[in-house]
Amino acid sequence: MAVFTPLTQQDMVQILTQYTVGQLDSYREIGQGIENSNFFVFSREASHPKQTDVQKPDELTRWVLTVFETLKADELPFFMALTTHLADSALPVPAPQITHTGKLWLEVRGKPAALFPCLRGEWVANPSRTQCAALGRYLAKMHVVLRDFSQTRAQPRDMAWITRSIKQLQGLISAFDERLLHNIVQFLEDNASPMQLCSVGTVHGDLFRDNVLFTGDSITGVIDFYHSCQDYLLFDLAVATNDWCLDAERGFLEDKHEAMVSAYRGLQTWTQADEDCWPAIQLLAALRFWLSRLLSRYLGGYQGQSTQGDITKDPDEFKCRILHIVRRYQLFPIKPV
Ligand SMILES: Nc1ncnc2c1ncn2[C@@H]1O[C@H](COP(=O)(O)OP(=O)(O)O)[C@@H](O)[C@H]1O
Ligand SMILES: N[C@@H](CCOP(=O)(O)O)C(=O)O
């Protein structure tokens, strides 16, 4: 069950009357979400008698209605302004529609909700090198465009969150995993000074394959900006390479990694500090998602709650990735317990 707040036909009609998007034709729940409740909504322009010769009666407009399950209304202005900034800069990002009364979101069953254009395309489970390069270029453009975005949000998954999460997991995970987590934290602390010199800015923060829509080799949409915050710019590239460049057996594909990174470097500044800290940032990205998946698995984090426990993503994907990064760049010794 991926929709936590079910809505009725009457709810939908009531919601659409607050926008200039025509009348409700139909709607259906979206199954894939794990944090928010999402619906595909189809609307039809009200028919104007004078335009009947030009209007196509069956033409429907597609929207996505999102009911925010965990974000509070006071957290929304940042995300709404961010996606509006990107869409205004001609990047394919769904920006919230504005209601008749000038609002970017409404309240639906006590929760904030917003209406977005439904973008074309599908996410790709096994992206090609060409598609990896397309994401590298997209990311570079997005980081350039976000230099002009003035609002900020702190990274919620900072070192304090990491330390707290490891404490919460004590006794629930193996001794090997606990020691590995401590070794990673030690490594990141030892590298804190060089990492402070890396380029920072606004990042997407969750650029997994299922958040990027393609038609052929062209990116037609990037969605789910709700992890956006200030961070190392290379954090985005690291989240993407960690998820996009794997084969079916979790082996890391260097050619896809190279395609994405070189496409990004071709369009964005890549300083000596970025170069030196690239292994550490890949490790940090893998650590954050290993921890968030472990928390969901063992402590029923937000992913477990939203899906009522029936979908939790596999933490081991990130443990494998971490072991690979540590060995590939020889970051520290990994010993059996
Ligand atoms: N604007 C959009 N255009 C097209 N599809 C969308 C859009 N927003 C969401 N979706 C679809 O809804 C699914 C879940 O959305 P997502 O924002 O990832 O939810 P969650 O944060 O709950 O995981 C996506 O995988 C995608 O299929
Ligand atoms: N992409 C992350 C999960 C992020 O959750 P979301 O509900 O915000 O999309 C992962 O794969 O662990």
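Q: Leaving aside its neighbours within four places in sequence, with which residues is Ile-281 in contact?

A: Contact means heavy atoms within 4.5 Å. By that rule, and apart from neighbours within four places in sequence, Ile-281 touches Met-195, Cys-198, Tyr-232, Leu-234, Phe-235 and Ala-238. This is a predicted model, in which local features need pLDDT of at least 70 and side-chain atom pairs count only at pLDDT 80 or more, while totals for chains, interfaces and linings use all residues. Residues are numbered from 1 along each chain as its sequence is written, and side-chain values use heavy atoms, with hydrogens and water left out.

Q: How many residues has the largest nonpolar core, and which have the most contacts inside it?

A: A nonpolar core is a set of buried Ala, Val, Leu, Ile, Met, Phe, Trp, Tyr and Cys residues joined through side-chain atoms within 4.5 Å; buried means under 20% relative accessible area, exposed over 50%, and partly exposed in between (1.4 Å probe, protein chains only). The largest core here has 87 residues, and Leu-86, Leu-237, Trp-244, Ile-281 and Leu-283 have the most contacts inside it. Its largest share, 15 residues, comes from α9. Helices (H or I, at least four residues) and strands (E, at least two) are DSSP runs, numbered from the N terminus.

Q: Which residues of helix α4 are buried, and why do they line one face of the helix?

A: An α-helix has 3.6 residues a turn, so residues three or four places apart point the same way. In α4 (residues 159-169), the buried residues are Trp-161, Ile-162, Ser-165, Ile-166 and Leu-169. Viewed down the axis of α4, they fall within an arc of 135° (taken from the directions from the helix axis to the C-beta atoms), so they line one face. These buried residues pack against α5 (175-190) and α9 (272-299). Just after α4, Gly-171 has a positive phi of about 85°.

Q: Which residues other than glycine have a positive phi?

A: Among them is Arg-109, with phi near 50°, placed in the loop between β4 (106-108) and β5. Another is Gln-330, also with phi near 50°, in the segment after α11 (316-328). Gln-330 is exposed, with a relative accessible area of 71%.

Methods:
Chains are lettered from A and ligands numbered from 1 in the order in which they are written.
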